Amino acid sequence: MSDTHAQTVSYVRDTMLPETSPPSSQVGAVRWLRENLFSSVTNALLTLISIYVVYYVISHIGPWMVGGIWDAGSLAECREIRNATLGTDASVACWAVLGDRWHQLLFGFYPSDLYWRPILALIVFGGGIAPIMFDKVPRKTLILSALAPFVCFWLLWGGSIWLPISAALGFVVGYIAYGLISKSLGSLAGMIAAIVLPLIYWLMISGPLYGALHNAAPIGIEFVESRAFGGFMLSVVIGLSAIVLSLPLGILLALARQSDLFIIKTSAVVFIEVIRGVPLIVWLFTAQLLLNYFLPPGTNFDLTLRVIIMVTLFASAYIAEVVRGGLAALPKGQYEGADSLGLSYWQSMQLIVLPQALKISIPGIVNTFIGLFKDTTLVVFIGLADPIGFSNLIRASTDWNGIYWELFIFIGAMFFLFCFSMGRYSLYLENKLQRENR
């Protein structure tokens with residue numbers, strides 16, 4: 001039977017074929033092009049149209065940008081160089097304005113011999129936020145995260161070193177008060193003490209303590225007024241300060257809005273709805289014109305600090321709603337599981353609820369931060385010289401009157417660099433958390 005069957009089989013393979021490379025259409029760039037750009041007739045047409053549009057834009061803008069003039073002292077001199085080299089009808093960028101006024105676009109009226117201070121402050125800020133953003137950074141460096149805000153403040157504004165030290169002691173008072181009172185009276189009493197006692201310290205003790213320390217040991221660096229701040233330094237100071245401060249405040253507001261305590265919940269709802277219901281520009285005018293009316297007579301509260309406070313409050317209202325969405329997205333079983341473990345409210349929030357809610361809220365939080373950083377340009381309407389404001393000042397001078405695109409392209413590129421970096425970090429964090437949960 002087997003012999004008969006063997007004779008009917010025309011071919012039986014007794015060896016394996018040698019390995020061969022896959023078809024070129026199924027690997028590498030060719031496969032990527034087929035799947036992403038030419039997967040269908042419609043996709044192919046859209047790809048060709050897009051390629052043409054990109055080519056058209058680059059072919060017209062590219063020569064204007066690449067062949068720009070970098071060495072000139074004014075727009076008139078740029079035009080003279082263009083006429084002599086390219087002809088009167090040539091279209092070419094005058095990048096010389098950036099070489100002439102880059103320091104104002106970046107630092108405003110900050111003293112040129114003190115540029116090292118905002119640069120060092122930015123480095124200190126990066127070192128302080130690194131342990132929070134990346135888990136591979138040693139946890140011991142969190143001490144730098146705690147000190148960075150006060151060091152940056154001192155480097156930017158200068159003055160006596162005892163001012164940031166006396167302000168930092170208020171947080172030490174709150175930390176000690178929370179640790180002592182929460183053990184005896186509970187977490188809620190500890191939280192109230194951690195808020196009330198530092199406020200009392202800052203209002204009643206911090207000022208006299210600062211004066212006494214400064215008189216005893218007048219240590220400090222040259223003071224720089226806030227009106228000297230400008231350009232991207234001003235946008236970075238306002239934007240990063242508001243980002244850092246609004247996140248914890250927004251989380252607290254989100255928790256307060258979900259609280260079972262009527263007064264706390266109502267206060268949070270009123271605050272969030274009022275802040276979100278009014279445009280940011282109105283709050284900036286409020287910070288400029290009206291905030292002094294609510295302060296004690298004779299108080300001279302710095303305008304930049306007032307703007308930081310208003311922008312922080314505005315951003316915290318949006319962050320609160322984003323975090324509340326993350327809290328609402330969690331299954332009820334997560335809350336019940338925390339209760340079944342016997343955890344207190346703050347323990348369950350810290351260990352179970354908030355980590356998951358914040359993970360869900362990452363895209364919305366980063367989107368709010370990006371919008372907030374771009375909205376710092378609105379301070380131009382209250383007299384602060386942000387990059388847009390300085391572009392107006394530069395164009396108002398006789399040397400550069402009539403120049404537009406070069407300044408706006410540079411400003412747009414700088415904002416894109418900051419915002420794109422925040423977006424990429426958001427994607428990195430999302431991917432990292434997804435891998436850890438697999």
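Mentor: Start with a term: buried means under 20% relative accessible area, exposed means over 50%, and partly exposed lies in between (1.4 Å probe, protein chains only). This is a predicted model, where local features need pLDDT of at least 70, side-chain atom pairs count only at pLDDT 80 or more, and totals for chains, interfaces and linings use all residues. Residues are numbered from 1 along each chain as its sequence is written, and side-chain values use heavy atoms, with hydrogens and water left out.

Trainee: Is Cys 419 buried or exposed?

Mentor: Its relative accessibility is 11%. Therefore Cys 419 counts as buried.

Trainee: Why is Cys 419 too far for a bond with Cys 152?

Mentor: A disulfide is a pair of cysteine sulfur atoms within 2.5 Å. The closest cysteine sulfur to that of Cys 419 is in Cys 152. It is too far for a bond because the distance is 20 Å.

Trainee: What is the handedness of the link of Cys 78 and Cys 94?

Mentor: Look at the angle about the S-S bond. It is 70°. The link of Cys 78 and Cys 94 is right-handed.

Trainee: Is Ser 166 buried or exposed?

Mentor: Contact means heavy atoms within 4.5 Å. Beyond its neighbours within four places in sequence, Ser 166 is in contact with Tyr 201, Trp 202, Ser 206 and Tyr 210. Its relative accessibility is 0%, so Ser 166 counts as buried.
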